[in-house]
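Subject: Model for your files

Dear colleague,

Please find the structure below. My notes on it follow.

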Amino acid sequence: MLAVSVALGMDAFSCSLAFGLLGIRKRKAAHLILTIALFHVFMPLIGLWTGRELGTIFGNLVTGIGTVILLYLGLKMLLNARSNRDCKQESVLPNLEGFGLYLIAGSVSIDALSVGFSLGTFVSEIFPTTLVMGFMAGSMTAAGIFLGRRMGTILSTKAEIIGGIILIIIGIKTGLSIVP
């Protein structure tokens, strides 16, 4: 189960690495960590409760929405980096307030939803298992932010470009997961 938790947390790690590169503030980082951890607890539970049939019908639609969000944010960061290079402005984080925070957390937690569809078939203690998933995702998010901050100070001007590329790669990976 730990291996599944680490695998599920990899998108959160990569995404938070991008935010760390951009210099996310401590308060926003704490909100992001907590929200992603909670999504990694509740998404598998929702998947379990909605069942396999609904998952096959709506799973690809939800994954597609997550893909579009990640691609949009990545492209927005790349375009912003280009305009900032021309205008010599500071980088701007994607919106992590209100609904934007939930969109990010949801888009990196989509795979946890699909794991929930089959969770009942291989796990007897479902709620403790989802708590482990949430803890691992939160820890990996925190590690990504920390590492991104350290790398961001080294890379400085290229940080926004790298962050945008990371989000686009996650979006492509997520999108490819729905292709049969």
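S107 sits in helix α3, which spans residues 99-122 (helices are DSSP runs of H or I, at least four residues, numbered from the N terminus). This is a predicted model, in which local features need pLDDT of at least 70 and side-chain atom pairs count only at pLDDT 80 or more, while totals for chains, interfaces and linings use all residues. Residues are numbered from 1 along each chain as its sequence is written, and side-chain values use heavy atoms, with hydrogens and water left out.

With a relative accessible area of 3%, S107 is buried (under 20% relative accessible area, 1.4 Å probe, protein chains only). A polar atom of its side chain lies 2.9 Å from the backbone oxygen of I104. The C-alpha atoms of S107 and G171 are 8.7 Å apart, although 64 residues separate the two in sequence.

**Cores**

I104 is also among the residues with the most contacts inside the largest nonpolar core, which has 23 residues (a core is a set of buried Ala, Val, Leu, Ile, Met, Phe, Trp, Tyr and Cys residues joined through side-chain atoms within 4.5 Å). At least two residues of this core come from each of α1 (2-21), α2 (26-87), α3, α4 (126-155) and α5 (159-176). Another core, of 7 residues, lies apart from it and includes I110 and M133.

**Confidence**

The average pLDDT (the predictor's confidence in each residue, from 0 to 100) is 76, and 74% of the residues score at least 70. Over residues 86-91 pLDDT stays under 50.

Regards

Key:
Contact means heavy atoms within 4.5 Å. Buried means under 20% relative accessible area, exposed over 50%, partly exposed in between (1.4 Å probe, protein chains only). A polar contact is a pair of N or O atoms within 3.5 Å; within protein, one must be able to donate a hydrogen and the other to accept it, and residues adjacent in sequence count only if both atoms are side-chain atoms.
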